[in-house]
Amino acid sequence: MPGLLLNTLRGENSGKRPIWLMRQAGRYLPEYRALRAEKGGFLALVYDTDAAAEITLQPIRRFGFDGAILFSDILIVPYAMGQNLEFLAGEGPKLSPRLVDHALEGLTAVPERLSPIYDTVAKVRASLDTDKTMLGFAGSPWTVATYMVAGEGSRDQHETRAMAYRDPAAFQAIIDGIVDVTVEYLSGQIAAGAEAVQLFDSWSGSLAPAQFEKWVVAPNARIVERVRALHPQTPIIGFPKGAGEKLAAYARETGVDAVGVDETIDPIWAARELPEGMPVQGNLDPLLLLSGGAELEKQAHAVLDAFAARPHVFNLGHGIGQHTPIAHVEDLLRVVRTWQRQA
């Protein structure tokens with residue numbers, strides 16, 4: 001039988017709130033740090049399917065979250081498209097050659113780089129209790145493109161935004177290529193056992209409204225349409241971080257089944273403005289979880305109360321910080337699991 005998380009993503013509002021946390025498998029867990037020290041670098045962990053499955057399951061064993069989010073990275077898609085990918089200590093991910101000065105056509109696709117990720121999904125799903133939901137994911141085209149163009153992350157994505165203005169045809173080709181591989185990638189995860197998937201658009205907040213429509217809404221809508229045609233029963237969560245007042249249009253126009261809300265959005269506004277009945281995910285500030293105390297409980301209740309009238313998946317507004325105390329996560333779980341919707 002489907003668990004609480006999957007039922008909520010399908011539109012059920014039972015009064016109970018499922019919870020999982022973005023980046024719940026990661027550096028704040030001592031068991032993760034121990035395994036990484038044993039196995040080596042980040043990319044090596046992603047491609048060691050036994051290790052990646054173990055990391056995905058670690059927070060489920062410790063906290064009993066309602067969903068297990070695949071341990072991987074959004075840059076697996078450009079890696080499969082033929083860019084070289086490295087994770088350098090203290091510097092973050094690096095992709096080469098940069099597409100700001102190298103044509104997309106010059107890349108040689110390596111689709112077999114996707115296959116180990118499917119193996120990880122299958123191993124996790126086989127190990128999960130039936131009431132836990134296996135979550136797959138991919139980066140959305142705009143966010144993935146910012147790394148492919150610049151070769152690394154940046155604060156304002158200026159090189160990619162400039163390229164999109166300067167040469168929209170070339171940039172459209174990059175977006176189209178990402179869309180195609182992302183559909184294949186998500187479909188492969190679902191075939192391997194993912195029961196819901198999330199599209200992360202971590203840098204959508206850097207775009208002006210017209211560019212947001214062109215490079216965030218339109219390509220995500222294409223992905224949703226194509227994945228849904230292949231897997232009509234699989235909920236798709238869209239998370240356009242930084243979308244602000246453009247969030248409601250994103251929710252309506254992309255066709256996603258559920259929408260993730262970051263911590264900068266007033267949950268009362270979101271509950272009022274988002275499409276009626278649409279499941280919402282979010283949106284506690286990760287820094288509140290880091291800080292803990294009475295304010296954590298107060299604000300968690302504020303989020304829960306704001307979304308009481310619609311299906312709601314409790315989550316953070318972005319990823320959990322690496323220095324977050326385990327005790328604070330336990331406190332949050334207690335708050336969410338003892339909350340009751342008022343009649």
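In which loop is the place of Pro97? Pro97 is found in the loop between strand S3 (92-96) and helix H6 (115-127), where helices (H or I, at least four residues) and strands (E, at least two) are DSSP runs numbered from the N terminus. The model is a predicted one, in which local features need pLDDT of at least 70 and side-chain atom pairs count only at pLDDT 80 or more, while totals for chains, interfaces and linings use all residues. Residues are numbered from 1 along each chain as its sequence is written, and side-chain values use heavy atoms, with hydrogens and water left out.

Most residues other than glycine have a negative phi, and most peptide bonds are trans. The peptide bond that joins Ser96 and Pro97 is cis, with omega about -5 degrees, and a cis bond also runs from Gly282 to Asn283, with omega near -10 degrees; Asn283 belongs to strand S8. Arg23, in the loop between H1 and H2, has a positive phi near 65 degrees although the residue is not a glycine. Arg23 counts as exposed at 53% relative accessibility, where buried means under 20% relative accessible area, exposed over 50% and partly exposed in between (1.4 Å probe, protein chains only). Gln157, which is not a glycine either, has a positive phi of about 55 degrees; Gln157 lies in the loop between helix H7 (141-150) and helix H8 (158-166) and, at 2% relative accessibility, counts as buried.

**The sheet**

Seven strands form an open sheet with parallel pairing, in the order S1-S4-S5-S6-S7-S8-S9, two strands being paired if DSSP finds at least two bridges between them. Strand S1 (67-69) and strand S9 (312-316) stand at the edges with a single partner strand each, so one side of each is left without a neighbour in the sheet. On average, and with direction ignored, neighbouring strands of this sheet are turned by 25 degrees against each other, the axes being lines fitted to C-alpha atoms.

Strand S4 (residues 133-139) pairs with strand S5 (residues 196-201) in the parallel sense over five bridges, and Phe137 stands opposite Gln198 in S5. S5 and S6 are likewise joined in the parallel sense over five bridges. Five of the five residues of S6 are buried, so S6 is largely enclosed by the rest of the structure. In a regular strand the side chains alternate between the two faces of the sheet. In S6, Ile236, Gly238 and Pro240 point one way and Ile237 and Phe239 the other.

**Aromatic contacts**

Rings of Phe, Tyr and Trp (its six-membered ring) pair if their centres lie within 6.5 Å, with planes under 30 degrees apart counted as stacked, over 60 as edge-to-face and the rest as tilted. By this rule the count comes to 11 aromatic pairs, and two of these pairs are set out below.

| Pair | Centre to centre | Angle between planes | Class |
|---|---|---|---|
| Tyr28 and Phe63 | 6.4 Å | 10 degrees | stacked |
| Phe200 and Phe239 | 6.2 Å | 85 degrees | edge-to-face |

Tyr28 lies in the loop between helix H1 (4-9) and H2 and Phe63 in helix H4, so this pair ties together parts that are 35 residues apart in sequence. Tyr28 counts as buried at 3% relative accessibility, and Phe63 counts as buried at 7%. Phe200 lies in strand S5 and Phe239 in strand S6 (residues 236-240), so their pair ties together parts that are 39 residues apart in sequence. Phe200 and Phe239 are buried, and Phe239 is also the bridge partner of Phe200 in S6. Elsewhere, ring pairs link Tyr32, Phe42, Phe71 and Phe87 into a cluster.

A charge sits over a ring if NZ of Lys or CZ of Arg is within 6 Å of the ring centre and within 35 degrees of the ring normal. Arg113 lies over the face of Tyr79, at 3.8 Å from the ring centre, and the charged end of Lys246 sits over the ring of Phe212, 5.1 Å from its centre.

**Helix H15**

Helix H15 (residues 326-338) has 13 residues and reaches 19 Å from its first C-alpha to its last, close to the 18 Å expected at 1.5 Å a residue, the expected span being 1.5 Å times one less than the number of residues. Among the buried residues of H15 are Ile326, Val329, Leu332, Leu333 and Val336. The elements that cover the buried residues of H15 include helix H2 (30-39), helix H4 (49-63), strand S8 (280-284) and S9, contact meaning heavy atoms within 4.5 Å.

Conventions. Axes fitted to C-alpha atoms, helices over the stretch in contact; angles between N-to-C directions.
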